[in-house]
Amino acid sequence: CTSLELEDFLKQKTQVCPKLSIYTDGGARGNPGVSGCGVVIDNGMAKKGYFYYLGIHTNNFAEYTGLLKALYLAKEMNAEDITVYSDSELMCRQMTGVYKVKNPQLLVLYREAMDLISSLKSFKIEHVRREFNKEADSLANMAMDKKRNGEVEFTTAVS
């Protein structure tokens, strides 16, 4: 990626971004309950966050929706190689084939994610502990608190 500001970078859909690190999180207050998800995209130079209010859903639905939002954002950026970090061990194990997806609602989301992943040159998903996913968690909570969608600029550049 060039040294464009991240906002310009996100708007230039014809530019190819070879590698992105993406942090996702989803949550529900009650299960099911008020839910939201957060996504943080790191292109190696800067980070930008997104939050999405999802209505009344389960925690697992919110986790998968966070992954889907991340994949769609990566697609808009013409990303070729992405690594997703999530604190949802269940989702990570399901996405890597360690566990089967049995819930019919999650199976629909899983299949949609797999379809998006198939268009990438390289995809990896890794489970991280909650303390390494604080920004995405904060965005998911922001979505639930504000009950709306939005974007957040991170003021510190990635070193």
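Biologist: Where does Asn 133 lie?

Modeller: This is a predicted model, in which local features need pLDDT of at least 70 and side-chain atom pairs count only at pLDDT 80 or more, while totals for chains, interfaces and linings use all residues. Residues are numbered from 1 along each chain as its sequence is written, and side-chain values use heavy atoms, leaving out hydrogens and water. Helices (DSSP runs of H or I, at least four residues) and strands (runs of E, at least two) are numbered from the N terminus. Helix 5 covers 134-146, and Asn 133 is in the loop between strand 5 and helix 5.

Biologist: Is Asn 133 buried or exposed, and what is its relative accessible area?

Modeller: Buried means under 20% relative accessible area, exposed over 50%, and partly exposed in between, with a 1.4 Å probe and protein chains only. Asn 133 counts as buried because its relative accessible area is 1%.

Biologist: Which residue in strand 5 stands opposite Val 84?

Modeller: Two strands pair if DSSP finds at least two bridges between them. Strand 4 (residues 79-86) and strand 5 (residues 122-127) run parallel, joined by six bridges. Opposite Val 84 stands Ile 125.

Biologist: How far from Asp 25 is the nearest side chain of opposite charge?

Modeller: Asp 25 has its place in strand 1 (residues 17-30). Lys and Arg count as positive, Asp and Glu as negative, with His and the chain ends not counted. A salt bridge needs a side-chain nitrogen of Lys or Arg within 4 Å of a carboxyl oxygen of Asp or Glu. Asp 25 is buried and has no salt bridge, and the nearest such side chain, Arg 130, is away by 6.2 Å.
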